[in-house]
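Here is a friendly briefing to read alongside the model. Keep the viewer open and follow the topics one by one.

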Amino acid sequence: MIYLDHHAAAPTPEPVRQAMHEAAAAAWANPSSTHAAGRAARQLLETARKDVATSIGAEAADVVLTAGGTEACNLGLRGLARGRSRVVTSQVEHPAVAESVRRLGAEGREVISLRVAGGRPPSGDELAVHLGPNTLVAIQWVNHETGTVFPIHEYAEACREREALLFVDATQALGKVPVDVGALRADAVAIAAVKIGGPAGAGACWVRRGLTLEPVLEGGSQERGRRPGTPDTLSMVGFGAACRLTVRRLAQQAQIARLRDSLENELLQRGAVPNGVAPRTGTVSNLSFRSWKGPLLAAALDLEGICLSTGAACSSGLEEPSAVIGAMYPDEQWRAGSAGRISLGMETTEQDIEAASQAFQRVLAREGDQNLKQISSLGNKT
Amino acid sequence: MSYVKRGLVAMSGGVDSSVAAALLHEAGHDLIGVTLHLWDADGEQQVGRCCAPEDRDDARRTCEHLGIPHYVLDEREAFRQHVVDPFIAEYQAGRTPIPCVSCNRTVKLTYLAEVARRFDATHIATGHYARLERAANGHLRLLRGRDDDKDQSYFLFGLPQSTLHTLLFPLGDLVKSEVREAGRRLGVPNADKPESQELCFVPDGRIGDFINRQGSPTASGAIVDRDGTVLGRHQGVTNFTRGQRRGLGLGGGATRYVLRIVPDTADVIVGEESQLYGQRLFATDAHWVAGRPADAFHGEVRIRYRHRGALGNVTPKGDGFEVRFDEPQRAITPGQAAVVYRADEVIGGGFIA
């Protein structure tokens with residue numbers, strides 16, 4: 001099996017497995033308990049928090065641990081929304097952000113959703129015209145499907161000048177671009193363990209000191225009243241261990257990009273159409289294949305031992321055309337239904353890419369049947 | 001690089017397709033489970049609604065049990081375009097369509113044939129109760145399933161030879177009780193699941209309501225007798241089919257039956273049961289499984305799925321055929337399929353004009 005779906009979940013590195021294995025004997029206790037068992041868990045939890053904080057240049061006290069990236073995004077943006085009558089976002093956000101913004105809109109706030117036409121994110125100036133002291137910006141740093149890197153530092157500057165609050169979804173940024181909340185000057189930043197080789201049940205929301213983050217869950221006063229519920233210490237240990245590897249992950253980016261480019265160039269020569277434009281991370285290639293529906297291509301490659309995705313899987317096992325690619329290319333809707341996302345990580349080898357290339361060759365050779373032109377749903381009429 | 005030849009198995013989540021998969025798996029086939037998502041049920045709550053998440057889960061569980069891959073592929077657009085929209089249009093034109101024929105021919109099996117090609121699979125298995133047999137000339141003969149009660153050959157007459165050559169019907173030689181028994185023996189998770197007798201996308205059988213929900217209401221009209229006397233009103237021709245007795249709302253008196261629907265005026269013409277009988281039909285858009293017969297012949301014709309079949313002379317004419325039955329038949333209904341058999345073999349079929 002060759003795993004090329006690192007943007008969905010990164011494999012668990014050995015040091016992370018090891019750390020969780022060692023912590024399991026003590027992590028079960030409730031870290032809020034003051035007795036010895038509780039203190040042991042508390043120590044594991046706080047060490048993990050420190051590791052998470054360090055990986056994004058933050059103080060541990062400003063990091064709220066959550067049960068995954070979606071909760072971190074919900075918390076970061078809903079938690080800052082009080083008193084803000086306008087929310088500015090982009091059209092290509094992950095559902096963890098997009099759905100929360102939609103709900104803020106339904107509750108009566110004005111929502112401005114900026115276009116990312118042709119895969120080009122809005123500039124700082126394009127964002128700035130919508131900002132004021134009544135505004136919350138909720139926007140991603142790196143796009144989950146195309147790897148497009150948004151000019152987040154420009155956004156932060158524009159927000160500061162106009163007294164807008166900035167929530168950054170950095171779930172796909174961590175480990176791919178240097179994340180330093182001290183230099184960024186955003187107001188809240190969400191990250192997720194699953195994207196860097198940690199457990200899917202761990203995430204974090206950093207919040208600028210002095211800001212009030214309203215909890216989105218109701219319950220106890222854990223996490224300084226910002227996130228109720230007994231923390232999942234074992235998952236946080238895994239998260240912390242994964243965060244300790246981000247330096248190594250970042251150092252691998254050039255090598256990952258080189259492998260990505262070699263596979264992508266070959267597929268472009270075979271007629272694939274690239275989605276999203278530079279600047280983007282080196283970890284992902286998003287391509288549309290005219291004669292294929294994305295899910296059919298992903299399944300055919302899966303049968304050849306290659307794991308990739310269309311970028312829009314949901315729990316029902318039914319995949320809709322990619323909303324991200326649809327928003328980037330509104331005049332070429334076929335792209336959204338025919339997109340495949342190949343995403344690499346630090347475990348990806350040259351041999352993996354060679355094998356993937358051969359699998360693509362075998363599968364794409366099956367596309368030429370005239371029969372399919374009679375069935376509109378199979379591919380795209382050209 | 002070499003690998004074992006693959007087969008694709010169409011998994012609805014029901015017992016039949018699950019057992020079909022399990023039997024082939026037991027026989028050593030290298031299988032891929034595919035569930036087509038064809039329709040999002042709306043307004044229906046009961047189990048058995050089409051393509052429900054629980055059916056996908058059942059298909060997935062069976063595949064997990066067998067240790068084979070399983071994929072759900074979205075064909076809602078094709079299903080609406082090729083099956084549901086024509087179905088509604090037929091009802092509005094006063095006919096009683098049989099969507100399973102066009103679904104098998106135009107969506108399900110044609111699409112699966114292409115999916116099989118994309119997956120480098122050589123054959124497609126389904127849970128249909130029908131059999132295939134190779135004739136001396138290489139053609140495949142389509143035969144009734146062994147289980148008289150479950151036989152589905154009626155729905156398959158439209159398949160071209162090229163499709164038949166890729167198909168496997170593992171249940172063709174079994175009766176339903178044997179299928180359930182095989183399911184239990186092989187540990188199929190849903191072996192005792194109840195089955196639906198209705199159209200997959202209208203599980204409650206209320207077709208008029210379904211068509212209204214689809215935003216295609218039909219004009220109300222008059223219920224009249226053969227002399228043109230208005231006996232009552234009705235809420236739309238889509239609520240009626242030839243031979244229907246219930247739901248006319250005419251109160252007491254003699255029992256009346258729907259004889260005919262006039263789409264232009266939305267009149268539903270009713271009369272005595274004896275007036276429902278006819279001895280002749282013409283079918284259009286015929287498909288002959290192993291080629292068009294040159295001459296007229298005597299065969300058995302089924303005029304609806306639950307019809308036992310009646311003998312008559314079948315004469316191919318143009319792209320259709322005429323049937324003159326030996327005995328009058330009750331409620332020969334426009335839109336339904338007339339399928340011609342010789343003994344167990346499906347010779348061909350068409351749609352009653």
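**A partly exposed alanine, and what surrounds it**

A191(B) counts as partly exposed, because 19 other C-beta atoms lie within 10 Å of its own; the cut-offs are 20 or more such atoms for buried, 12 or fewer for exposed and anything in between for partly exposed, with C-beta atoms placed from the backbone. The model is a predicted one, in which local features need pLDDT of at least 70, side-chain atom pairs count only at pLDDT 80 or more, and totals for chains, interfaces and linings use all residues. Residues are numbered from 1 along each chain as its sequence is written, while chains are lettered from A and ligands numbered from 1 in the order in which they are written.

**Around A191(B)**

- A191(B) sits in the loop that lies between α6 (176-185) and α7 (207-213) of chain B; helices (H or I, at least four residues) and strands (E, at least two) are DSSP runs numbered from the N terminus.
- Leaving aside neighbours within four places in sequence, the contacts of A191(B) are V15(B), R180(B), G183(B) and R184(B), where contact means C-beta atoms, placed from the backbone, within 7 Å.

**Nonpolar cores**

- The largest nonpolar core holds 112 residues, and L8(B), V34(B) and L112(B) have the most contacts inside it; such a core is a set of buried Ala, Val, Leu, Ile, Met, Phe, Trp, Tyr and Cys residues joined through C-beta atoms within 7 Å.
- Helix α4 (residues 99-118) of chain B gives the most to this core, namely nine residues.
- A second, separate core has 79 residues, including A27(A), I56(A), L80(A) and A138(A).
- Beyond four places in sequence, L8(B) is in contact with I32(B), V34(B), L112(B), V115(B), A116(B), F119(B), A121(B) and I124(B).
- In soluble globular proteins, nonpolar side chains tend to be buried together.

**The open sheet of chain B**

- Five strands of chain B form an open sheet in the order β3-β2-β1-β4-β7, with parallel pairing; two strands pair if DSSP finds at least two bridges between them.
- At the edges are β3 (70-74) and β7 (167-168) of chain B, each of which pairs on one side only.
- Strand β4 (residues 121-125) of chain B runs parallel to β7(B), and two bridges join them.
- I124(B) has L167(B) as its bridge partner in β7(B).

**Domains of chain B**

- Chain B is assigned domain 1 (6-185), domain 2 (218-271) and domain 3 (277-352), with bounds that come from an automatic or database domain assignment.
- The centres of domain 1 and domain 3 of chain B, taken over C-alpha atoms, are 25 Å apart.
- Where these two domains of chain B touch, 16 residues of domain 1 are in contact with 16 residues of domain 3.
- On the domain 1 side of that contact, strand β6 (residues 140-144) of chain B gives the most, with four residues.
- That side of domain 1 of chain B has eight nonpolar, four polar and four charged residues; Ala, Val, Leu, Ile, Met, Phe, Trp, Tyr, Cys and Pro count as nonpolar, Asp, Glu, Lys and Arg as charged, and the others, Gly among them, as polar.

**Chain A overall**

- Chain A contains 15 helices and twelve strands.
- Chain A has a radius of gyration of 21 Å, close to the 21 Å given by the globule rule for 382 residues, so it is as compact as a globular protein of that length; the radius is taken over C-alpha atoms, and the rule is 2.2 Å times the number of residues to the power 0.38.
- Of the 382 residues in chain A, 53% are buried.
- Chain A is assigned domain 1 (14-247) and domain 2 (252-374).
- The contact between them takes 16 residues from domain 1 of chain A and 17 residues from domain 2 of chain A.

**Close-ups in chain A**

- I256(A), in helix α11 (residues 253-269) of chain A, is buried because it has 22 C-beta neighbours inside 10 Å.
- The C-alpha atoms of I256(A) and E347(A) are 9.1 Å apart, although 91 residues separate them along the chain.
- β2(A) pairs with strand β8 (residues 203-207) of chain A in the antiparallel sense over four bridges, and V63(A) stands opposite W206(A) in β8(A).
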